[in-house]
Amino acid sequence: MAARRSKSKKQEEPGFLDALRALAKEKGVDEDFLFDAIEAALISAYKRNFGSAQNVRVVLDRHTGAYHVYAIKTVVDEVFDDVQEISLAQARTLNEDYEEGDTIEIEVTPANFGRIAAQAAKQVVVQRVREAERGIIYEEFMSREGDIVNGLVSRVENRNVFIDLGKTEAILMPAEQIAGETYEHGDQIKAYIVEVKRTSRGPQIVVSRTHPGLLKRLFELEVPEIQEGIVEIKSVAREPGMRSKIAVWSREEDVDPVGSCVGHKGLRVQAIVEELGSEKIDIVKWNEDSAKFIANALSPAKVVSVAVNEDEKVSRVVVPDYQLSLAIGKEGQNARLAAKLTGWKIDIKSETQAKDDVLDESMSEVAVESDASFTAAAEDAAPAEVE
């Protein structure tokens, strides 16, 4: 049974409530969450400032903004702890219906509690709003892991690049930066969200310029046929800032997947090349036939034949003698990227080398003609290659 509560000495504070509700709406925070937090803060403030060990409850009126502090006591026959207990005789001076064992509330709101209460309320509102904002930002960007963000370089510290995303910042660490790229304050930059971490200082959004997913998402943004689901990106391989390969396939026979990604006069792919710091991009056609796909992956080199071991995903590719260096690429780059793109181990031989090479009996060899492919390079570099 509760005690009768004394008449409030506090004036109504509708301005406070209006401001609190407006703030909750603006920040997307549940206002009841703020009310509960303020009540908890007022309890702490009361105990801290009035040296009370009492078990108290604070009620913040949702309509008037008035607050009341109530001491909670148990009705006992004989009082041993006057902080937690009240005698039956004293309790019945408040209400004659009280019985031993009842819990009653007695208002103990201090006359000078207003300033302390206002300060405590302000502190907790600021803190909880900040926490709620961080939570909202965390949830928003957690759902965008694997997506691209577009922001402005705000600062560079210890080679870490901080990107202003509006509501928060992302961090581009040295390992995620394209070699040779420079980042200046105010530069506009696109990056791939690798991870979103929850920290005591708010969400930490880790982004990358080197992740293969960045190339994939850039094509998805630039090519309508990919957005519509007509053209599909089957795999991507990158050596960031140097060269990449992307394998594409069309669900519709009359739609050329390579041509869709290239765009009219190469405009679609050229925009991506420029975004990635003049990284060369080979666009090849995916094929469910492993030998055909391996041959396409070695673009721009021409292939004579491909032998494959499907169980071990090992292949031997034969190219014309004059194409060997092109197939392998500078420092083996073309061969490495083709292996990453296909998921196969690729051994490249010239026709002359293949004559003296004994083919493993577990391999089946077929003559292969590569499908058309496209290699895009920066406009001020060597011309783009079409095969």
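Predicted model: local features only at pLDDT ≥ 70, side-chain atom pairs only at ≥ 80, totals over all residues.

Trainee: Which residues of H2 and H4 meet?

Mentor: From H2, they are Phe33, Leu34, Ala37, Ile38, Ala41, Leu42, Ala45, Tyr46, Asn49 and Phe50. From H4, they are Phe113, Ile116, Ala117, Ala120, Ala121, Val124, Val125, Arg128 and Val129. By class, this contact of H2 with H4 has 17 nonpolar, one polar and one charged residues.

Trainee: What makes residues three or four places apart point the same way in an α-helix?

Mentor: The turn has 3.6 residues, so residues at that spacing point the same way.

Trainee: Next, helix H9 (residues 290-297). How many of its residues are buried?

Mentor: Eight of eight, so H9 is mostly covered, with each counted residue under the 20% cut-off for buried. The buried residues are Ser290, Ala291, Lys292, Phe293, Ile294, Ala295, Asn296 and Ala297.

Trainee: What caps the N-terminal end of H9?

Mentor: Asp289 does. One of its side-chain oxygens lies 3.1 Å from the backbone nitrogen of Ala291.

Trainee: How do H9 and H11 cross?

Mentor: Their axes come within 9 Å, at roughly 145°. H9 passes H11 in a right-handed crossing. Phe293, Ile294 and Ala297 of H9 make the contact with Ala338, Leu341 and Thr342 of H11. By class, that is five nonpolar, one polar and no charged residues.

Trainee: Why is Ser305 called buried?

Mentor: Its relative accessible area is 8%. Buried means under 20%, so Ser305 qualifies. Ser305 is found in strand S13 (residues 305-309).

Trainee: How do you know that the side chains of Ser305 and Glu365 make a polar contact?

Mentor: They are joined at 2.8 Å. The cut-off is within 3.5 Å, so the distance passes. Beyond its neighbours within four places in sequence, Ser305 is in contact with Arg316, Val317, Val318, Glu365, Val366, Ala367 and Val368.

Trainee: What makes Lys280 partly exposed?

Mentor: Its relative accessibility is 25%. Buried is under 20% and exposed is over 50%, so Lys280 falls in between. Lys280 sits in strand S12 (residues 280-285).

Trainee: And Ser278, why is that one partly exposed?

Mentor: The value is 39%, again between 20% and 50%, so the label holds. Ser278 lies in the loop between helix H8 (267-275) and S12. Its phi is near 65°, a positive value in a residue other than glycine.

Trainee: Which peptide bond is cis, with omega near 15°?

Mentor: The one from Ser299 to Pro300. Pro300 is in the loop between H9 and S13.

How values were computed:
Residues numbered from 1 in each chain as written. Heavy atoms only, no water. Contact = heavy atoms within 4.5 Å. Helix = DSSP H or I, 4+ residues; strand = E, 2+ residues; numbered from the N terminus. Nonpolar A, V, L, I, M, F, W, Y, C, P; charged D, E, K, R; others polar. Buried < 20%, exposed > 50% of the residue type's maximum accessible area, 1.4 Å probe, protein only. Polar contact = N/O pair within 3.5 Å; in protein donor to acceptor, adjacent residues only side chain to side chain. Axes fitted to C-alpha atoms, helices over the stretch in contact; angles between N-to-C directions. Left-handed = near helix turned anticlockwise from the far one by under 90°.
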